[in-house]
Amino acid sequence: MQRCIQLAKAGAGYVAPNPMVGAVLVHNNRIIGEGFHQKYGGPHAEVYCINSVAEADRHLIPHSVIYVSLEPCAHFGKTPPCADLIIEKKIPEVVIGVRDPFKQVDGKGVEKLKAAGVKVTLGVLEQACKTLNKRFITFNTRHRPYIILKWAQTANGMMAAEAGGERLLISNEFTNRQVHKWRSEEAAILVGTNTALVDDPALTTRLWNGPDPIRLVVDMNLRLPASLQLFNQQVKTIVFNSLRHEEKENLIYYQVTRDVNLVHHVVQALYQLKIQSVLVEGGAQLLQSFIDEGIWDEIRVITNTTQVVAPGMPAPRMQSGQLLHQETLFTDTLQYFVNPQTLAH
Ligand code: AOF
Ligand code: ZN
């Protein structure tokens with residue numbers, strides 16, 4: 001199963017919004033086939049795995065065990081069901097990492113296999129297989145995107161200046177690259193009105209060779225000027241607002257209700273828009289709302305070494321983050337927290 005996970009990761013960046021999946025075929029403790037889901041819309045891991053078996057080993061397939069990091073599918077999507085393929089190849093045993101929560105599968109793969117007399121074991125290295133596809137699984141089980149909050153703070157816990165103030169540059173050039181890598185790993189990036197105004201961020205991945213996520217901004221009263229970099233139409237932008245619903249080529253105005261549940265409305269809209277993951281980059285107020293509502297999965301905090309005394313905005317406060325990992329990038333410290341609720345799911 002560990003090998004399945006390794007293989008699955010080779011599909012990172014190519015398969016989203018599909019999950020990363022790896023498969024290994026074993027005969028008498030010898031691996032005779034390996035495969036992974038390589039490209040969105042392309043064949044699934046099981047197909048590559050079975051096709052990889054050498055001519056001389058083909059006759060062993062009906063006497064082998066197939067390990068798959070995700071439950072084999074049972075539906076006709078862009079490709080035929082993998083459960084059918086396993087049955088057709090007379091593979092007598094399947095070991096699965098985690099159940100596929102996608103509505104059209106969701107246990108039906110296991111049922112199909114069992115009904116055909118295949119021996120099925122479910123839940124091997126389950127937590128690792130869940131983590132591998134944390135975005136896909138959160139989206140399909142909790143009906144919201146996987147949410148990562150990120151901010152940079154000074155050593156004394158300050159963020160940017162007050163609304164309307166100056167932009168405060170905190171992270172160093174190495175960390176900035178890391179942040180662009182983080183951006184390229186998520187489906188979308190979200191900022192609030194003040195951050196869009198004060199920082200005028202482009203929210204692209206220009207410091208990293210990866211895809212540009214969709215840019216999201218909350219602008220309830222539509223007061224952001226069209227001159228902002230966010231509106232340059234190079235990348236798709238969605239403006240959550242209370243005034244209008246409109247779709248232009250690379251610019252969508254998405255209307256949400258104006259009330260205290262703003263974060264819930266935005267998150268619901270993201271589910272409707274099929275956005276599987278989002279990196280929330282500020283400002284402090286928007287980040288704090290996500291924390292207060294308990295709607296987040298990871299928090300990544302960048303702390304530099306300067307003490308700022310000038311008027312600033314205190315960084316958000318989190319009550320329940322569990323520190324998973326900490327690293328240093330030159331003058332910055334990067335801390336990775338996870339929501340205990342997320343781990344429990
Ligand atoms: C598997 N093996 O390697 C993957 C699976 O549109 P399709 O046909 O590609 O189906 C996509 C769905 O299939 C996806 O949402 C997920 O439930 C499952 N992905 N299943 O048996 C694989 N990638
Ligand atoms: Zn499949």
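Into which domains is the chain divided? The chain splits into domain 1 (1-137) and domain 2 (143-344). These bounds come from an automatic or database domain assignment. This is a predicted model, where local features need pLDDT of at least 70, side-chain atom pairs count only at pLDDT 80 or more, and totals for chains, interfaces and linings use all residues. Residues are numbered from 1 along each chain as its sequence is written, while chains are lettered from A and ligands numbered from 1 in the order in which they are written.

Start with the two domains. Their centres, taken over C-alpha atoms, are 35 Å apart. Domain 1 gives 6 residues to the contact and domain 2 gives 5 residues. Two residues are in contact if their C-beta atoms, placed from the backbone, lie within 7 Å. On the domain 1 side, the touching residues are 3 nonpolar, 1 polar and 2 charged. Here Ala, Val, Leu, Ile, Met, Phe, Trp, Tyr, Cys and Pro count as nonpolar, Asp, Glu, Lys and Arg as charged, and the others, Gly among them, as polar.

Strands (E, at least two residues) and helices (H or I, at least four) are DSSP runs, numbered from the N terminus. Two strands pair if DSSP finds at least two bridges between them. Strand 1 (residues 22-27) pairs with strand 2 in the antiparallel sense over 6 bridges. L25 faces G33 of strand 2 across this pairing.

H44 sits in the loop between strand 2 and helix 2 (45-51). C73 sits in the loop between strand 3 (65-70) and helix 3 (82-88). Buried or exposed? H44 is buried because it has 27 C-beta neighbours inside 10 Å, and C73 is buried with 25. A residue is buried if 20 or more other C-beta atoms lie within 10 Å of its own, exposed if 12 or fewer, and partly exposed in between; C-beta atoms are placed from the backbone. Beyond four places in sequence, H44 touches V21, H37, C73, T79 and C82. On the same terms, C73 has contacts that include H44, C82 and D100.

A284 is buried, with 22 C-beta neighbours inside 10 Å, whereas Q288 is partly exposed, with 16. Outside four places in sequence, A284 contacts M159, M313, A315 and P316.

Finish with strand 15 (residues 332-338). Strand 13 (residues 298-303) pairs with strand 15 in the antiparallel sense over 6 bridges. Strand 14 (residues 322-329) also pairs antiparallel with strand 15, over 7 bridges. I302 stands opposite L334, and L323 opposite F337. Strands 14 and 15 form a hairpin with 2 residues between them. In its turn, F330 has a positive phi of about 55°.
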